[in-house]
Amino acid sequence: MEPKRYDEAIHTFESMLDVIERSDDPAIWELRKEYISPSETIAAIDAVVRRILKSCPLVVIDVTTGCLCDGPERARTFRAGATFKELVSSMTRELDNERVSRVVESFFAYVMFSHAWQGNEPLYQDVKEAKSVWNLPDTPLNDKLRNFCKETHRLGYNWAWSDTFGSHDRIPCWHSASVQTWDLARSLWMTRAWTLQELLAPKVIVFYDSEWQPFLGDASVNHKESRKIIQELVDAVKISHGTIVRFSPDDLGVREKLRLASSRNATVEEDVAYALIGIFKSDIKTPLCCLPASVSVYNQTPYNPPSLEGEEMETCITQLRSKLNKQDSLSIYKRISSLPPARFATRRLHLPCIVFPVRGLSIIQRLGGGNEKLYHARVLGLGNVEFTTADDLPLRKPRILTFVHPWIRYIRGPSDEVADGVSDAGSISDSDSDAGSYDVVCPSPLDVPPTPQVDKYTQALQTIARLGQPFNALLLLQQPNGEYKRVATENEIVVSGFGTDITSKASIRVKVLEFCNV
C-alpha cells in the first residue's frame with residue numbers, strides 16, 4: 001500500500017478517537033481505554049529509532065539515490081515511508097514493542113564495506129561534492145564503491161557505509177568484504193589492521209572477488225556458515241572456527257590477541273591500536289610498564305625453557321650438591337618460596353622476581369636509519385647480554401638498570417603449595433577495590449610435569465636448578481622515586497641463565513619490585 005493510503009487510515013483512526021473523547025456518554029469514554037493513539041505509537045517508535053541510530057555510523061550512503069545521509073535524514077526518510085506508516089496504522093489497541101524493534105532495526109540495518117585501500121579511494125568530501133556516488137567520475141576505485149552500493153541494494157538493504165568515509169566504533173548490523181584474489185589467506189585484505197575486527201565482529205559476512213563475484217562461487221547470504229570458507233579463514237588467522245563465527249573479546253587471551261595484532265599493518269602506526277581496541281575490550285587496562293616496544297614481538301614464537309626433569313635434573317642436582325651446602329640451599333629456597341603473589345594495586349604493579357643488576361653498558365652499533373641500537377650489558381650473575389631497543393639508556397649510570405626473572409611459579413616447580421597470584425597465563429590477582437583482574441602480557445614458561453615427593457633439600461636444589469636455566473628476562477630502569485619501568489626492547493630477551501655455577505646464597509637476589517604505570 002502507498003504511504004498516502006496509510007496516512008488516510010491513521011487520520012480516520014485519529015478522528016474516531018476524537019469523537020470518542022468528545023462524547024458525553026461515560027460508556028463511550030470507557031471505549032477509549034481499549035485503544036492507543038497514533039501519537040503514543042509514534043513516540044515509542046521514535047525512541048527505538050534514536051537507540052538504533054546511536055549504534056550506526058554518523059553518515060551512510062542511501063543506495064537508492066547514492067546520496068550521503070546523516071542520522072536525522074535517515075529518520076525523516078523512515079517517517080515518510082510506507083514501513084513507518086504501516087507500523088503506526090497497524091497498532092491501535094496494543095503497542096507491540098518486539099515488532100517495533102524488529103521493523104526499525106531492519107530498516108536502518110546497513111552494509112559495511114571492508115576492503116584494502118588501493119590509492120585515491122573516493123572519500124566523504126568527494127561524494128558530498130558530487131551529490132551522489134552515481135555522479136562520481138568513471139574510475140576503477142569509484143566503480144568499486146558504486147558496485148558495492150549496487151550489491152547492497154540487490155541484497156535488500158537501504159544503507160551502505162565505507163571506511164573511506166572515516167573510522168567508527170559502532171557495531172555493524174551486516175558486513176560485506178571485498179577481497180582482490182581467489183586466495184583468501186594471501187590476500188592484502190588479510191594483512192590490514194582494521195580488517196581484523198571487521199572479520200571477527202559481524203555475525204554475517206560475504207566475500208567477493210575483484211569482479212564482484214561471490215568468493216569460491218558461494219552465493220549464500222552468510223559466508224560464516226560456509227565450512228570451506230571458514231576453514232580458509234581458520235588456516236589464515238590461526239584461531240578456532242567458533243571464534244571466527246561467534247567472536248567475543250573473552251574468547252582469546254591477551255597474548256593471542258597481541259599475536260593477531262602483530263600480523264596486521266596500518267599506514268599510520270597508531271591506527272594499529274585504534275583498529276584493535278574492540279577485540280581487546282578491558283584488556284587495554286594491562287599495566288603499560290609490561291608492554292614491549294611494538295606488538296610485532298608477539299608475532300615471534302615465545303621462548304619456553306625446556307622441561308628440566310629425569311636424568312638432566314639429577315645431573316644438575318648432583319653438581320649443585322658439590323657447590324652449595326644444605327643450609328644455603330634451604331635459605332635460597334625459603335626466600336623464593338616466601339615471595340608474595342604478583343598484584344596490581346593503587347595503579348602500581350608489584351612483581352616478585354629474581355634480580356640481576358647491570359654493572360656495565362655499551363652500544364655495539366646503531367641499526368639502520370632509525371633510533372634502534374644494539375646494546376651490550378655486563379650483568380651480575382648472567383655475564384654478557386645483548387639486546388636491541390630504541391631507548392637511550394644511561395651508559396654512565398648502568399647500575400640503575402636491572403634484568404629480572406619474573407617466572408617465580410615456574411622456578412618453584414610442581415611441588416609449590418604457596419598461594420600464587422600469578423596464573424599460567426600471567427593473570428595478576430588484585431587485593432584493592434580500585435582495580436580488577438589484569439594480565440601481565442609476557443609469555444609464561446611451560447608447566448613442569450608432576451614429580452614424586454622429595455625431601456626439602458632436594459626440593460631446594462630442584463628449584464635452584466630451574467632458576468639456572470635460560471629464561472625470558474625483563475629489562476628494568478629504576479626511576480628517581482625508586483619505582484621501575486620496563487625498557488621497551490624490540491625482541492624478547494632470552495638469557496642463558498647461570499646453570500649450576502652458583503657458590504653461595506648471596507648469588508641469588510630476591511625482591512618485589514614496584515612498577516610505575518606510565
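The entries go by topic, with the ground rules at the start.

**Ground rules.** I am working from a predicted model, in which local features need pLDDT of at least 70 and side-chain atom pairs count only at pLDDT 80 or more, while totals for chains, interfaces and linings use all residues. I number residues from 1 along each chain as its sequence is written, and side-chain values use heavy atoms, with hydrogens and water left out.

**Helix H4.** I took helices (H or I, at least four residues) and strands (E, at least two) as DSSP runs, numbered from the N terminus. For burial I used relative accessible area: buried is under 20%, exposed is over 50%, and partly exposed is in between (1.4 Å probe, protein chains only). H4 spans residues 71-80, and I found Gly71, Arg74 and Phe78 buried in it. These residues sit on the same side of H4, because they cover an arc of only 65° around the axis; the arc is taken from the directions from the helix axis to the C-beta atoms. Arg76 and Ala80 are exposed on the other side of H4. I then checked what the buried residues of H4 pack against, and the list includes helix H3 (38-54), helix H5 (82-90) and helix H6 (97-108).

**Nonpolar cores.** I counted as a core a set of buried Ala, Val, Leu, Ile, Met, Phe, Trp, Tyr and Cys residues joined through side-chain atoms within 4.5 Å. The largest has 40 residues, and Ile45, Phe78, Val104 and Phe108 have the most contacts inside it. Another core, of 38 residues, lies apart from it and has Ile317, Leu324, Ile354 and Ile408 among its members. Going back to Ile45, I left aside neighbours within four places in sequence and found contacts with residues including Phe78, Leu87 and Val104. Contact here means heavy atoms within 4.5 Å.

**Cysteines.** How many disulfides are there? With a disulfide taken as a pair of cysteine sulfur atoms within 2.5 Å, I count zero. Cys56 is buried at 1% relative accessibility, and Cys316 is buried at 16%.

**Two loop positions.** Pro470 is in the loop between helix H17 (456-467) and strand S14 (471-478). Pro470 counts as partly exposed because its relative accessibility is 30%. Its C-alpha is 6.7 Å from that of Val494, 24 residues apart along the chain. Ala488 is in the loop between strand S15 (484-486) and strand S16 (493-495), and I logged Ala488 as buried at 19%. Ala488 and Ala390 are 98 residues apart in sequence, with 7.7 Å between their C-alpha atoms.
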